[in-house]
Amino acid sequence: MSSFVIRGNLCYSINSNQINIRPQAYLVCEDGVCAGIFDALPERYAALPLTDFGDRLVIPGLIDLHIHAPQFAFRGLGMDMELLDWLNTYTFPEESKYAQLDYADRAYGQFVSHLRRSATTRAVCFATIHTPATELLMEKMENSGLISYVGKVNMDRNSPDYLCEESAKKSVAATEHWICETKSRFARTKPILTPRFVPSCSDALLQGLRGLLEKYALPLQSHLSENFGEIAWVKELCPDTEFYGEAYDRFGLFGGDHPCIMAHCVHSSDEELELMKKNGVFIAHSPLSNTNLASGVAPIAKYMEAGLRVGLASDVAGGDTENMFQVMAGAIRASKLRWRLLDQEVKPLTVDQAFYLATLGGGSFFGKVGSFADGYEFDALVLDDSALEHPQELTLRARLERCIYQADERHIAAKFVSGTRLF
């Protein structure tokens with residue numbers, strides 16, 4: 001890692017309700033870590049290389065807490081279906097193709113290329129049940145310079161024959177082999193346990209994954225309370241549970257001593273939310289996916305106010321784009337509709353809150369990530385919004401807000417991950 005200084009218009013969250021704007025400020029990076037923001041550069045940093053980005057905006061890198069790498073190939077398809085029909089029609093047939101490494105090489109190459117050029121600096125990814133293809137994805141993510149967790153998916157029941165592991169025992173054994181092969185192999189890409197969701201994982205499989213969680217001290221990701229049909233199915237499969245989250249928690253797979261991300265949480269009960277807060281479970285809010293698949297809109301402002309840990313997720317391909325700017329804008333729009341049409345006690349998300357979720361909120365899953373405060377890892381995007389023409393003078397705050405609604409990879413002039421400039 002190198003040490004250097006950049007100068008520009010810095011924009012970053014102080015907390016969940018406030019964006020700090022520092023015009024024409026210097027941001028110091030020492031060994032990949034933020035070491036100070038200054039209006040005038042102190043003499044002790046004068047010898048460091050300096051890049052002046054002029055009037056461009058500089059923001060922390062955006063965090064995608066939940067994305068399905070193999071689904072990138074069919075993003076934008078099947079958006080007139082609900083979750084379970086969509087899985088059977090599009091997702092499972094596509095994911096079965098990753099048994100063939102030549103296909104996986106081509107498809108994952110496209111996925112990683114797009115993600116590298118996007119605003120995402122860190123991601124938490126689902127792969128498939130196929131170990132060789134999952135390792136291939138990890139290699140590509142490592143070479144991209146991005147920082148990520150990648151999960152080999154587990155599913156041994158209620159799945160098509162062509163995408164169902166033979167038994168819980170063999171699923172656990174394959175997962176342990178994969179963990180041993182990858183846990184120390186990469187610097188920026190780490191394994192994460194990934195039971196797809198309760199309906200596709202037997203009790204024996206979940207119990208086996210608990211053993212791996214304890215043995216290797218890994219984080220875990222899965223899905224939770226996304227769709228009414230899914231929730232009813234879990235209740236049928238696990239009649240002794242009071243709510244969906246208990247189906248994970250009874251096996252020790254619901255946070256606590258090990259970091260945990262649950263995607264969606266659209267229809268979580270108060271009891272489920274209380275347990276998530278107690279166990280420190282992260283919610284990966286996926287507004288584009290939840291609207292595309294008609295799952296609903298999670299009351300994210302309520303979750304934030306209650307002190308739950310929340311970040312944003314593209315959830316490709318339920319979400320139709322990896323563009324996290326669009327995810328931020330989608331979260332705001334969805335929350336407004338929920339407030340207007342369903343529940344006026346839960347306020348819509350503000351721009352400040354959506355920006356926080358995409359940076360500091362999701363970034364905290366990775367540690368001190370998502371801010372320019374001292375000691376945070378140096379992840380940054382330099383935004384050139386000059387092509388977003390306007391006849392009037394705009395404040396820096398207004399320019400940032402407009403980028404949230406209109407920017408894409410064409411407006412990223414530079415990208416840094418943990419102090420390394422990718423482009």
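In which sense do strand S11 (residues 220-224) and S12 pair, and over how many bridges? In this predicted model, S11 and S12 are paired in the parallel sense, and five bridges connect them. Within S12, Met 262 has Ser 222 standing opposite.

The pairing of S11 with S12 belongs to an open sheet of four strands, arranged in the order S11-S12-S13-S14 with parallel pairing. From one strand to the next, the twist averages 30 degrees.

Strand S12 comprises residues 260-264 and is mostly covered, five of its five residues being buried. Besides its pairing with S11, S12 is joined by three bridges to strand S13 (residues 282-285), and these two strands run parallel. Ala 263 has Ala 284 in S13 as its bridge partner. Between S12 and S13 the chain passes through helix H8 (residues 270-279), forming a β-α-β crossover that is right-handed. S13 is in turn joined to S14 by four bridges, again with the strands running parallel. Here Phe 282 is found opposite Arg 309 in S14. In general, the side chains of a regular strand alternate between the two faces of the sheet.

A contact between two helices was also examined. Helix H12 (residues 351-363) and helix H13 (residues 396-406) have axes that come within 11 Å and cross at roughly 65 degrees. The crossing of H12 past H13 is left-handed. On the H12 side, the contact involves Val 351, Asp 352 and Phe 355, which meet Arg 397, Leu 400, Glu 401, Ile 404 and Tyr 405 in H13. By residue class, the contact of H12 with H13 consists of five nonpolar and three charged residues, with no polar ones.

A further charged residue, Glu 94, was considered individually. Glu 94 is located in helix H1, which covers residues 83-96. Is Glu 94 buried or exposed? The relative accessible area of Glu 94 is 6%; because a residue counts as buried under 20%, Glu 94 is classed as buried. When its neighbours within four places in sequence are left aside, Glu 94 is in contact with Pro 70, Ala 73, Phe 74 and Tyr 103.

Technical notes:
Residues numbered from 1 in each chain as written. Predicted model: local features only at pLDDT ≥ 70, side-chain atom pairs only at ≥ 80, totals over all residues. Heavy atoms only, no water. Axes fitted to C-alpha atoms, helices over the stretch in contact; angles between N-to-C directions. Left-handed = near helix turned anticlockwise from the far one by under 90°. Contact = heavy atoms within 4.5 Å. Buried < 20%, exposed > 50% of the residue type's maximum accessible area, 1.4 Å probe, protein only. Pairing = 2+ DSSP bridges. Right-handed = clockwise from strand over helix to strand, strands pointing away.
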